[in-house]
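I record here what I looked up in this structure.

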Amino acid sequence: MNPKLFLILGAGTTLGLAWQAAPQPDEDVNRQVQELITRECVSCHGANGIGGVRLDSSERIVFHQKLIYRQILSQAMPPHLYESNVKFVGHSRQLNDDDRLLIQKWRKASEIKLPAVVPLEPIRADQVVELTNPEPIPAIGDDQRRVYAFKIDATDQGLSAIQIRPDAANSLRYTSVAIVAAKDVEAAKRVGLTSGTFTGIKPYFATTIAPGSGALRLPAAISLVDDDTMVVLVHHYKATGKPERDRSTVTLSYGKAQPVATVQMEQLNFLIPANKVLEQTLTHEFTDGNSMLSLMPEARNYCAEIEITLIKPKGEPETLYHTRRWDYSFAPALQFAEPVRVEKGSKITARFFYRNDEKCRMNENREPADVKYGKGPDDEVCRLGLAMVPDSAD
């Protein structure tokens, strides 16, 4: 779908909600709106400006106020990228009625003016790292990735929050973040620089952060922080017609740590025949109870759909994640907002649907050919990583 198309609504669009109370144009409403837009919209409408719309500053939010109002109240935005019975950190979701009423209140107010800058809520600065590259982001040219790594200065603690403040606010599209053991840092840097994701390694935690999105707050158990733990960052830049300085400040907060166990599920040596659709299923049974922290699905450009389901010994299957619009370029690390309780004897299944026909974007300008499992750029993979705190850790 052309992203420019779904940003335009016809004059007959029904907004469907009625606001009863008198508008209150106060700073608290302004701040709530900016926090909502930043949290739910900036990952797409940041420096890359999908559909020509950027919402990564107060001024731009005000400029697009009418469009925001129409798109959110009609439920056209955010797009429904996935279905889930649980909430994730830092990923677009369908907004609820309270969110839409807030937007309506903001729009109905007579003289709304957002402050020029709404400062990001600070986090406790247990560690502050300045990342600088002397080579500026060029004004023109291809997209760039730049990778950084630094050691976590903590022992027997867990990472509870991370905040990135970039100087290149216009050029920076988003940042990929991974927490890895020192032995994996070079592999993480190499893979992050070439693919933009952390495929093929086993990080304690991985995610993406949009510029201006504030602090990413984590359960302290999400990462195992010890003397050899490293942070790897990949900044994704897009030329904007004006050079910018490549410098950013990273702030980390720590908290109580818990041992984190990982499970890697993978299908090896499969083939997707030309002009065919293929389904692959991964299954894992839990022999002990645990609190699941995150999912890390991995597939490449021939994957169209992924469905991950938790099946408890007694109870209906629960959809943890289901997308019909898998995009390898934005492969997510899905951290649960609250750990998901998993009973002993539960099973998790992950269904991956691949298509290698004329509807696959990889075949737009060529005849489909057989695709095999492998590490090459035109190969495919089928993996799911899990991170959890075992009950035995309590």
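I looked up Ser248 and found 1% relative accessibility, so Ser248 counts as buried (under 20% relative accessible area, with exposed over 50% and partly exposed in between; 1.4 Å probe, protein chains only). The model is predicted, with local features needing pLDDT of at least 70 and side-chain atom pairs pLDDT 80 or more, while totals for chains, interfaces and linings use all residues. Residues are numbered from 1 along each chain as its sequence is written, and side-chain values use heavy atoms, without hydrogens and water.

I placed Ser248 in strand β8, residues 244–256. I noted a polar contact of 3.1 Å between the side chains of Ser248 and His235 (a pair of N or O atoms within 3.5 Å, where within protein one must be able to donate a hydrogen and the other to accept it, and residues adjacent in sequence count only if both atoms are side-chain atoms).

I then turned to Ser176, which lies in strand β4, residues 172–181 (strands are DSSP runs of E, at least two residues, and helices runs of H or I, at least four, numbered from the N terminus). Ser176 counts as buried because its relative accessibility is 3%. Its side chain joins that of His236 in a polar contact of 2.9 Å.

Lastly, I examined helices α3 (residues 65–73) and α4 (residues 97–108), which pack at about 150° with axes 10 Å apart (axes are lines fitted to C-alpha atoms over the stretch in contact, and angles run from 0 to 180 degrees between N-to-C directions).
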